[in-house]
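Open the model in your viewer and keep the selection tool at hand. This tour goes stop by stop.

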Amino acid sequence: MKLRKFLWPLLLVISLAIGIFIGGYFPFLNQPLGNSFQDKGRDKLNKLIELIEKEYVDNVDTDSIIDLTVNNILAQLDPHSVYIAKSEMDEVQESMKGSFVGIGINSYNYKDTLTIIKPVFGGPSYKAGLKNGDRILYANDLKLYGNDIKNDSLISILKGDAGSKVTLKVFRKKENRIFSVDVIRGEIPLKSVDVGLMLKDKTGFIKINRFSETTYAEFKTALDELIKNGAKEMIIDLRENGGGYMDQAVQIADEFLSNGDIIVKTINKQGKERITKATDKGSFENGKLTVLINENSASASEIIAGAIQDNDRGTIVGRRSYGKGLVQREMYLGDGSAVRLTTARYYTPSGRSIQKPYNDGIDEYSNELYSRFESGELYERDSIHLADSLQFKTKAGKIVYGGGGIVPDVFIPLKNKSGEDAIQLLMRTSLVSNFVFVQIDEDRNAFESLSTQDLIKKINTDPKYFNNLKKHLTNEGLLFNLDKHKKSIMFYLTSEYLNQLKSDQDYYDWILKEDPMLKVLKK
């Protein structure tokens with residue numbers, strides 16, 4: 001089996017999840033639906049559920065039947081009108097809120113033991129002195145190791161009310177000791193802005209991974225710091241950003257556009273148009289601007305890209321974006337569950353809808369990304385085919401297209417050397433990150449004593465790291481030739497060591513120097 005064919009279904013699943021669960025919607029319209037089930041169709045459904053509960057020969061969980069019914073109804077609408085079960089609400093709300101209450105660790109179960117990969121900087125565990133590689137054995141005398149402990153159970157045990165205390169018994173391997181420590185639970189930020197840094201003397205770079213309640217505040221802090229440091233050019237990275245709250249995207253776009261410039265239009269079922277325009281508060285309205293997008297940039301990401309492109313404010317670089325131009329409202333159903341229902345379409349300033357077609361069903365819709373791969377669109381700009389009838393013009397008269405995502409001004413293909421794109425996907429999976437953790441854990445003291453440059457040198461000059469990775473992947477059943485991709489593999493392997501041992505700044509300083517989109521911009 002070719003690695004590319006092995007990994008692309010995984011990419012498609014991730015892309016669909018991004019589109020469905022964190023697509024753009026209005027956060028300020030959340031209202032209960034109420035109980036207005038008056039017409040005959042609704043009475044029929046209520047009567048059927050009642051009959052099953054009273055008369056059906058076997059015991060049936062009618063709540064699960066109702067959930068199934070709701071999902072089947074929504075499946076007749078569009079791909080982004082979805083049901084959120086009660087069991088999923090906490091996770092969804094935390095993601096969009098931008099924080100949760102807990103102890104603040106990045107972890108995984110290593111040999112059936114909850115092991116800290118990295119405590120969140122400044123979080124409760126960090127303040128309590130927990131470190132990379134620590135094993136958490138007990139929480140308030142409750143055992144947290146063994147085959148019978150599930151990951152979701154671990155998470156629920158370590159979460160709690162802000163200010164509450166949990167006593168942890170910890171094994172620190174590098175010191176060969178067990179100790180107890182009290183950790184006071186607190187708010188843990190879920191960063192939506194990964195990093196803001198200077199790429200060179202006058203160029204700032206900001207990476208946004210989603211649009212939650214805190215995204216604009218995070219972004220503005222990063223933007224102001226970069227301006228303070230002398231940035232005259234700005235690169236906004238929206239690659240792999242599946243969207244989120246529309247109002248956050250609007251506020252970010254406002255920082256770059258002049259007073260009165262249209263940011264986005266929405267039209268609801270009644271045909272009512274709402275036009276959102278930029279204000280005079282923008283702090284970077286004149287400097288050079290570049291926005292990076294790819295096939296997984298969706299919804300709120302596309303609002304920013306479309307506003308910048310249609311107002312001729314900056315350059316859009318990358319590959320055609322996802323194509324989600326539907327607006328959702330999240331409405332609660334009274335039992336802890338909710339429905340995210342499409343209530344409007346949005347349009348870029350020039351009037352184009354970037355929503356890709358979904359008339360052929362959800363399966364066809366979700367497979368559209370694979371179709372781009374098969375057609376060669378991810379490798380050749382000429383393979384992008386959009387109808388001439390969907391042509392629009394920017395303020396300066398440049399032709400742009402609707403009907404399926406934002407087409408970039410500068411096209412950057414996936415690495416089109418044989419297998420390079422698949423290697424990149426592989427190197428970002430847990431197969432590799434878990435391998436790196438184990439390698440570090442064998443001699444953590446030695447690794448942590450190295451400077452960033454010495455760490456990079458160690459990984460790239462000692463052949464055992466490449467050879468050990470090959471052995472690890474072979475044991476996991478991935479039988480293919482890594483030797484011809486050694487240079488690329490070692491680059492991404494080094495980045496994972498930096499990710500686990502060093503700061504975000506160190507990680508991005510390394511990973512961005514070989515970024516194909518940034519390389520084009522430097523020419």
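**Stop one: a threonine in a loop.** Select Leu426 and Thr429. The backbone oxygen of Leu426 lies 2.7 Å from a polar atom of the Thr429 side chain. Thr429 sits in the loop between helix H12 (420–426) and helix H13 (430–442). Helices here are DSSP runs of H or I with at least four residues, strands are runs of E with at least two, and both are numbered from the N terminus. Is Thr429 buried or exposed? Thr429 is buried, because its relative accessible area is 17%. Buried means under 20% relative accessible area, exposed over 50%, and partly exposed in between, with a 1.4 Å probe and protein chains only.

**Before moving on.** This is a predicted model: local features need pLDDT of at least 70, side-chain atom pairs count only at pLDDT 80 or more, and totals for chains, interfaces and linings use all residues. Residues are numbered from 1 along each chain as its sequence is written, and side-chain values use heavy atoms, with hydrogens and water left out.

**Zoom out.** Show the whole chain. Its secondary structure comes to 19 helices and 22 strands. Of the 523 residues in the chain, 48% are buried. Now think about contacts, meaning heavy atoms within 4.5 Å. Among those between residues at least 6 apart in sequence, 70% join residues at least 24 apart.

**Stop two: H7 against H8.** Select H7 (residues 215–228) and H8. They pack at an angle of about 20 degrees, with axes 9 Å apart. Axes are lines fitted to C-alpha atoms, for helices over the stretch in contact, and angles run from 0 to 180 degrees between N-to-C directions. H7 and H8 are therefore roughly parallel. The cut-offs are under 35 degrees for roughly parallel, over 145 for roughly antiparallel, 65 to 115 for roughly perpendicular, and oblique for the rest. Show Thr215, Tyr216 and Phe219 of H7, then Gln248, Gln251 and Ile252 of H8; these make the contact. By class, three are nonpolar, three polar and none charged. Ala, Val, Leu, Ile, Met, Phe, Trp, Tyr, Cys and Pro count as nonpolar, Asp, Glu, Lys and Arg as charged, and the others, Gly among them, as polar.

**Stop three: H8 against H9.** Met246, Ala249 and Ile252 in H8 meet Ala300, Ile303 and Ile304 in H9. This contact has six nonpolar, no polar and no charged residues.

**Stop four: Thr452.** Select Thr452, in helix H15 (residues 452–461). Thr452 counts as buried, at 17% relative accessibility. What does Thr452 touch, not counting residues up to four places away in sequence? Leu498, Lys502 and Asp506. The side chains of Thr452 and Asp506 are joined by a polar contact of 3.4 Å.

**Last stop: H16 and H17.** Select both helices. They pack at about 95 degrees, with axes 11 Å apart, and are therefore roughly perpendicular. Tyr465, Phe466 and Leu469 in H16 meet Lys486, Ile489, Met490, Leu493 and Tyr497 in H17. Now pick Phe480, in the loop between H16 (464–475) and H17 (486–501). Phe480 is partly exposed, at 28% relative accessibility.

Conventions. Polar contact = N/O pair within 3.5 Å; in protein donor to acceptor, adjacent residues only side chain to side chain.
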